[in-house]
Amino acid sequence: MKRYLCSIIIGMVVILSIGTYYVKVASSASSLPKYTFKTLEGSDKELDPVIINATLQNGSNFYEPLTIESNTTTYASERSYLENLTGRQNQQIETLVKEHRSFMRGKDSISSLYEDDDFLAYASVNSEYTKSGNTEAEFDIGLLEKKDEEETSFQIELPNQERIMSVDVRDVQLVHSKLQVLTMNDVNSNNEKQTKEVHLYTIDVANKKVLSDKTLVSESFTYPNQVDFEMPIDVAPSQPNNMVFISLIKGVNHEDGFEEKLKESKLLSYNYETEKVETVKKGSLSLDMARSGYADGKNLYAVEMKSGKYRIKTFDLSSQTLTSDTELDIAANEAEQYTVAFKNGRVYFLLGNEVDQDVLTNKPAKLLIADIKTGKTLYKGETVINKKNSKSFELIIGDLEIK
């Protein structure tokens, strides 16, 4: 009886503790300002798919993560214990987890996923250093046939492991029933040189084997020289793409920092269908535009500040030509940082953070939603706060997601 009594008492203490915790959390969150967007132009229905991840800051002693979703503010302290434990996932990942929970278990990298109407595929690389200092790396492969929910999963070693130092998966495609995995690798040159490579692995999922390991680009260098590969931000990372762009950046490290060799840096394209690596013609896409651009597999979008306005340049990836140059109805401000998203023919342009965060400005964040082709404003608004005593708080914009 005493044993059961102890268990009951412990259970009550736990329940009371949890209850007290959530009461305190709710009370704390209710004292924080709530942010919403005031509509200045257009329809507020355009806000429905918008998710803004941000942080509320008060001096150097207070930071509270928050999310503005469907024009409603939710603080991290208002979420469940489980949600805070796992952290907020990418919106596309959350959607895939809801639709294919079993297959998505343990898969949290959107760049490792591919999805079309029939299949959902996954490819990541697990690696570890051995006691001898070498790297052991293997692919973690998964394929889901949506029609009958049939899953295939297996692990298989990467070819040429003795050369591998690190592997970063950057794109996954399913081409002619074969899985194509694009990676950026640091490889062992066995001398003073460093080598960076872009690889394309072709994997036969049905027979669970690597068919080929193709080196698309390879660059070796010695200090103080430096080589880096960069890719535009993928706004549709799990969708089928025919082409990817890769910026090859060469430079030299000085005491004052990194100096790029503009004449040696270049922009490359790889076409999954033709299997060709080509240098993009000069004048079609500048290296800076591609490097800071946003790609969706068909187009590349570049943001330009010109004559006091922001412009969106759209380049067709297959023809490598400029198809539109659209001016947005929002004033350019070099002192403010912008966040951009592209989806469903729309550009979502969020202007918020001051570049100099040492000065508390407390300016409202501005959101513009426009038609990507015409530039027509579909929505324009700015944040408002529900508390009068909120001047000491500053809203720091993190990222912008669209459902």
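Which residues line the largest cavity? In this predicted model, the lining of the largest cavity is made up of Pro159, Asn160, Arg163, Ile164, Asn185, Val187, His199, Tyr201 and Asp213. Two elements each give two or more residues to this lining, namely strand S10 (178–187) and strand S11 (194–204). By residue class, the lining divides into four nonpolar, three polar and two charged residues. The volume of the largest cavity is about 30 Å³, and the structure holds one cavity of 30 Å³ or more.

An open sheet was examined next. Four strands make up this sheet in the order S5-S6-S7-S8, and their pairing is antiparallel. Three bridges pair S5 with strand S6 (residues 119–129) in the antiparallel sense.

Glutamate 115 belongs to strand S5, and its bridge partner in S6 is leucine 120. Beyond residues up to four places away in sequence, glutamate 115 touches Leu96, Glu99, His100, Leu120, Lys146, Ser238, Gln239 and Pro240.

Strand S21 (residues 309–316) has antiparallel partners in both S20 and S22. With strand S20 (residues 299–306), S21 pairs over eight bridges, and tyrosine 301 stands opposite threonine 314 in S21. These two strands form a hairpin with two residues between them, and serine 307 in the turn has a positive phi of about 55°. With strand S22 (residues 321–331), S21 is joined by seven bridges, and aspartate 316 stands opposite threonine 321 in S22. S21 and S22 likewise form a hairpin, here with four residues between them, and glutamine 320 in the turn has a positive phi of about 55°. Strand S21 is mostly covered, as six of its eight residues are buried.

Backbone geometry was also considered at individual positions. As a general rule, most residues other than glycine have a negative phi, and most peptide bonds are trans. Asparagine 71 is not a glycine but has a positive phi of about 65°. This asparagine is found in the loop between strand S3 (62–69) and strand S4 (72–75). Asparagine 71 counts as partly exposed because its relative accessibility is 26%, a value between the limits of 20% for buried and 50% for exposed.

Glutamate 275, also not a glycine, has a positive phi of about 60°. Its place is in the loop between strand S17 (266–271) and strand S18 (276–279). The relative accessibility of glutamate 275 is 47%, and this residue therefore counts as partly exposed.

A cis peptide bond runs from tyrosine 223 to proline 224, with omega near 15°. Proline 224 is located in the loop between strand S12 (209–221) and strand S13 (225–230).

Key
Residues numbered from 1 in each chain as written. Predicted model: local features only at pLDDT ≥ 70, side-chain atom pairs only at ≥ 80, totals over all residues. Heavy atoms only, no water. Buried < 20%, exposed > 50% of the residue type's maximum accessible area, 1.4 Å probe, protein only. Pairing = 2+ DSSP bridges. 1 Å grid on protein atoms, 1.4 Å probe; cavity = no way out; pocket = protein on both sides within 12 Å on 5 of 7 lines; lining within 4 Å. Points joined across faces, edges and corners; volume = space filled by probe spheres on them. Nonpolar A, V, L, I, M, F, W, Y, C, P; charged D, E, K, R; others polar. Contact = heavy atoms within 4.5 Å.
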